[in-house]
Amino acid sequence: MPSLLLCRNATATDSLCRDLGIPEDCIRDSRGGQPEVLRTHSPYLLGACHDPGEHAVCSMLQPHGQLLTEMCFDFGASTTLGLADLTGDLRRYGVAGVGAGADLYSGRIEQFVDAVREHQRNMVAYHRATRKGAANNKAALAEAHGKLVQSGSDLNQRFARELDVSTQRLRPRQRTLMSDRRQMPDLVRQQRRVARLDVGSQIEAHAIVGLSRSTRFVGPTMVMVDLGMRVDDVFEAYESGDDWQRKAFVEAGGFTASFTAGRLLTGAALGTIEVMLAATPVGWIVILGVGLAATAAIVAGSSGADYLGKQIAASLYDFSTNRAAPSP
């Protein structure tokens, strides 16, 4: 399976090959041609000889080149592949309606599904404790709030760990050989002018396509992924007339601490990735970002340095439901 090169800016092939120290005939387009200029946000094959399956993968990912380029530069190729792998499983088996699909999970994944169920229960309990007409029981309200915050924190940390496992498993290849069996220089992995994406199989390629179709840009270095799971059957109706789902989301925002989903790898600057899994009226979404606090402030139209916690969660919730609601 191929190694792909992605550029944020149009780049002359001869200049890039010179900087990377590889032969000029080792960058090919999806049809096998040798481009003089690498187009922005377009995947290219690394190496001189490729089989039809590798050309097919390159063509398959061509329409999604912009998102893949930005994600590989911002989060690293391994995290991009890991997120595609993990979210693909969650979409396939369905967390919100687990049912028989839950039987396919074991070990950590089963514990993760249980954490999702627990968080859903706590969101409903928090709604009941805060809706209009509820008894003014401060102890019960405090207990519901504490359980909601705790389950939200646990869920996000579990998701971060699962993403980290997938990311580590899908690290870039340590050796890439050219057509004459010489090894590609390591600069291909380190050069900031280009990002490298190693696709290990047709299954991975289809997972990447699925991720691209369900992902929205929120702002610089931040994306939002629709898991394709609805939550209408989990939450009660808006009996109290207020937006209780937003209230519960904000309370369990999960931004009081950074959840590390792995070090930024190929083609990305050093730093940590923050991840959040959350339920909104449009379904379960994954928010992935670098420096979420700063970016969320931009999304919300504020430059305040203290735009943290609940305010960040509120701005992301509003963005997801009003400006970038994933399609059903």
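Strand E10 (272-280) gives the most to the lining of the largest cavity, with four residues. This is a predicted model, where local features need pLDDT of at least 70, side-chain atom pairs count only at pLDDT 80 or more, and totals for chains, interfaces and linings use all residues. Residues are numbered from 1 along each chain as its sequence is written, and side-chain values use heavy atoms, leaving out hydrogens and water.

Helices (H or I, at least four residues) and strands (E, at least two) are DSSP runs, numbered from the N terminus. Volume means the space filled by probe spheres set on the points, which are joined across faces, edges and corners.

The whole structure has two cavities of 30 Å³ or more, and the largest has a volume of about 40 Å³. Helix H5 and helix H9 also give two or more residues to its lining. Among the lining residues are His 119, Phe 249 and Met 276.

Now for a pair of helices. The axes (lines fitted to C-alpha atoms over the stretch in contact, with angles from 0 to 180 degrees between N-to-C directions) of H2 (residues 52-61) and H8 (residues 202-213) come within 10 Å and cross at roughly 5 degrees. H2 and H8 are therefore roughly parallel (under 35 degrees).

Here's the residue make-up by class:

| Region | Nonpolar | Polar | Charged |
|---|---|---|---|
| Contact (heavy atoms within 4.5 Å) of H2 with H8 | six residues | three residues | no residues |

Ala, Val, Leu, Ile, Met, Phe, Trp, Tyr, Cys and Pro count as nonpolar, Asp, Glu, Lys and Arg as charged, and the others, Gly among them, as polar.

How values were computed:
Parallel < 35°, antiparallel > 145°, perpendicular 65-115°, else oblique. 1 Å grid on protein atoms, 1.4 Å probe; cavity = no way out; pocket = protein on both sides within 12 Å on 5 of 7 lines; lining within 4 Å.
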